[in-house]
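The sequence and model are shown first.

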Amino acid sequence: MDLRDIPDRWKRFNPETPPYKYFPNRTRKQTMVWSWMAMAGFSAFGYLLAEIVERQSVGKEEQIKEYARQNASIEQVTMIKNQSEAFKEIMMRARRQRLGLPPQAHGSVDMRDPFDE
């Protein structure tokens with residue numbers, strides 16, 4: 001087998017129309033334009049979808065709060081309150097640590113008469 005018998009496919013290659021698998025006769029410029037149009041279209045679709053979901057969730061949020069207020073037992077209400085207080089405590093500790101402050105020092109629980117001193 002001689003090297004002259006092997007066809008040189010690079011001589012037939014045109015950089016303006018690469019051998020694409022899908023839509024094989026498109027140019028690079030068409031590919032770029034279609035890509036930008038697809039990105040813009042999908043971004044607009046995602047934005048509109050997010051707006052629709054946001055609008056519907058506002059009404060449902062009010063409805064769920066009302067249902068929870070009417071149908072929750074006392075134990076559930078106290079559990080929710082305790083959980084929110086625990087999360088608040090965790091966030092305050094993280095905030096103090098992030099600001100470089102020492103951990104909060106709790107005062108003494110011993111009862112003292114202030115006039116004895």
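Val77 is partly exposed, its relative accessible area being 47%. That value lies between the 20% under which a residue counts as buried and the 50% over which a residue counts as exposed. The model is a predicted one, and in it Val77 belongs to helix H2. From Val77 to Phe87 the sequence separation is ten residues, and the C-alpha to C-alpha distance is 15 Å.

Helix H2 covers residues 74-98, 25 residues in total. From the first C-alpha to the last, helix H2 reaches 36 Å, which is close to the 36 Å expected at 1.5 Å a residue. Just after H2 comes Gly100, whose phi is positive, at about 80 degrees.

## The aromatic pair

How many aromatic pairs does a search of the whole structure find? The search returns one. Its members are Phe23 and Trp34, with ring centres 5.9 Å apart and ring planes at 80 degrees. Planes over 60 degrees apart count as edge-to-face, so this pair is assigned to that class.

The two residues are eleven apart, and the pair links distant parts of the chain. Phe23 sits in the segment before helix H1 (28-71), whereas Trp34 lies in helix H1. With regard to solvent, Phe23 is exposed, at a relative accessible area of 58%, while Trp34 is partly exposed, at 42%.

## Overall form

Two helices and zero strands make up the secondary structure of the protein. The radius of gyration is 34 Å, well over the 13 Å that the globule rule gives for 117 residues, so the protein is more spread out than a compact globule. Along the principal axes, the C-alpha atoms fill a box of roughly 110 × 45 × 30 Å.

## Surface and charge

Of the 117 residues in the protein, 3% are buried. The accessible surface amounts to about 12200 Å², and carbon and sulfur atoms account for 60% of this area.

Key: Residues are numbered from 1 along each chain as its sequence is written. This is a predicted model: local features need pLDDT of at least 70, side-chain atom pairs count only at pLDDT 80 or more; totals for chains, interfaces and linings use all residues. Side-chain values use heavy atoms; hydrogens and water are left out. Rings of Phe, Tyr and Trp (its six-membered ring) pair if their centres lie within 6.5 Å; planes under 30 degrees apart count as stacked, over 60 as edge-to-face and the rest as tilted. Helices (H or I, at least four residues) and strands (E, at least two) are DSSP runs, numbered from the N terminus. Buried means under 20% relative accessible area, exposed over 50%, partly exposed in between (1.4 Å probe, protein chains only). The radius of gyration is taken over C-alpha atoms; the globule rule is 2.2 Å times the number of residues to the power 0.38. Accessible areas come from the Shrake-Rupley method with a 1.4 Å probe; for residues, only the protein chains shown count as cover. The expected span of a helix is 1.5 Å times one less than its number of residues.
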